[in-house]
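Let's take a walk through this protein model together. Have the sequence and the 3D view open, and we'll go from charged pairs to a helix and then to some rings.

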Amino acid sequence: MKYALRNGIIVNPDDSQDKFLEKLYTTTIGRIIVKILINPFVSNIGGWFMSSFFSIPLISSFIANNNIDMSQYEKKEYRSYNDFFTRKILPEKRPIDMNKSHLISPCDSKLTVYDINKDSILTIKNTSYSLHSLLRDKKLALKYQGGKALVFRLTVDDYHRYIYIDDGYKSHNRSIEGVYHTVNPVANDVYPIYKENHREYSIIRTDNFGDVLQMEVGALMVGRITNLHQKKKVIRGEEKGFFEFGGSTIVVLLEKDKAVIDKDIVDNTRLGIETRVLCGQKIGTRGTYGKT
């Protein structure tokens with residue numbers, strides 16, 4: 001699936017993974033394999049393997065196949081594939097925009113932005129949801145009517161740690177159980193990913209952007225979503241948590257008029273193109289600068 005860089009360059013990545021998943025989800029044999037893979041027992045075995053030393057040989061080929069620049073990351077000897085997958089980036093490689101009026105990205109990802117309208121159906125990667133079905137909380141869904149939904153899609157070559165986007169106070173974590181599924185867009189032609197996936201969210205009462213809801217969504221073969229904190233005061237740029245192996249997604253909900261999303265991201269979304277963003281990078285401005 002193509003995406004745009006912040007300088008406007010359009011990237012058409014290798015679509016071999018998309019083609020593989022299309023066969024997996026749209027053929028009879030493929031769907032049989034999927035039913036096996038989403039079995040909790042099988043998923044747990046996969047998670048165990050990725051966290052064991054048996055998975056270490058996979059690391060070098062993954063780095064080569066995905067052209068990962070390891071000079072950006074802390075040097076260490078990895079104990080497993082998941083240890084590698086959750087590697088930490090050097091702080092200077094992901095500077096945090098500390099301007100309080102700037103909305104920043106919580107992660108490296110491909111971003112799309114959507115309006116949340118009253119009684120509307122939110123479409124995320126060709127799958128339709130009411131906000132109520134996404135959150136399983138009607139009252140909370142009403143709170144974000146008229147606001148924005150930001151969908152950050154992480155792929156396997158992305159940095160899989162994520163941060164708090166502003167200073168504030170974080171609520172407890174609410175976990176919604178589900179069946180692990182891939183978040184690759186091709187999968188949505190057959191299975192609605194958010195109804196199938198385990199997800200976890202909290203609300204951050206921020207200093208500059210109102211009550212921000214941040215939801216982490218796990219995917220096929222992801223051992224777990226690891227959020228590091230329960231209720232606490234949080235700091236802009238502080239690490240919030242990380243995903244283990246697999247593609248993953250973060251959804252951020254903003255209340256009405258609390259932020260104005262950068263024009264290039266909005267324009268790209270209208271054209272059906274994702275925007276490549278980096279952890280800590282500006283993606284919008286505080287709502288006092290105008291209405292969303």
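The structure holds 20 salt bridges, where a salt bridge is a side-chain nitrogen of Lys or Arg within 4 Å of a carboxyl oxygen of Asp or Glu. Before we look at a few, some housekeeping: this is a predicted model, in which local features need pLDDT of at least 70 and side-chain atom pairs count only at pLDDT 80 or more, while totals for chains, interfaces and linings use all residues. Residues are numbered from 1 along each chain as its sequence is written, and side-chain values use heavy atoms, with hydrogens and water left out.

Start with Asp158. Lys110 forms a salt bridge with Asp158, and their closest N and O atoms are 3.4 Å apart. Lys110 lies in strand S4 and Asp158 in the loop between strand S7 (148–154) and strand S8 (161–163), so this pair ties together parts that are 48 residues apart in sequence. Helices (H or I, at least four residues) and strands (E, at least two) are DSSP runs, by the way, numbered from the N terminus. Arg276 also forms a salt bridge with Asp158, with the closest N and O atoms 2.4 Å apart. Here, too, distant parts of the chain are linked, as Arg276 in strand S18 and Asp158 are 118 residues apart. Are these residues buried or exposed? Lys110 and Asp158 are both buried, and Arg276 is buried as well; buried means under 20% relative accessible area, exposed over 50% and partly exposed in between (1.4 Å probe, protein chains only).

Now move along to helix H9 (residues 263–270). Ile265, Asn268 and Thr269 are its buried residues to look for. They cover an arc of only 100° around the axis, which puts them on the same side of H9; that arc is taken from the directions from the helix axis to the C-beta atoms. On the other side of H9, Lys263 and Arg270 are exposed. Arg270 has 68% relative accessibility, and it forms a salt bridge with Asp267, the closest N and O atoms being 3.8 Å apart. Because Arg270 and Asp267 are 3 residues apart in H9, about one helical turn separates them. Asp267 counts as partly exposed, at 24% relative accessibility. After the helix comes Gly272, whose phi is positive, near 75°.

On to the rings. The whole structure has 11 aromatic pairs: rings of Phe, Tyr and Trp (its six-membered ring) pair if their centres lie within 6.5 Å, and planes under 30 degrees apart count as stacked, over 60 as edge-to-face and the rest as tilted. The rings of Tyr73 and Tyr159 have centres 6.1 Å apart and planes at 50°, so this pair is tilted. Tyr73 sits in the loop between helix H4 (58–65) and helix H5 (81–85), and Tyr159 in the loop between S7 and S8, 86 residues apart. Tyr73 is buried at 6% relative accessibility, and Tyr159 is buried at 7%. The rings of Tyr78 and Phe84 are edge-to-face, because their planes are at 80°, with centres 5.5 Å apart. Tyr78 and Phe84 belong to a cluster linked by ring pairs, which also includes Phe62, Tyr81, Phe85 and Phe245.

Finally, return to Tyr73: the charged end of Arg87 sits over its ring, 4.4 Å from the centre. That wording applies if NZ of Lys or CZ of Arg is within 6 Å of the ring centre and within 35 degrees of the ring normal.
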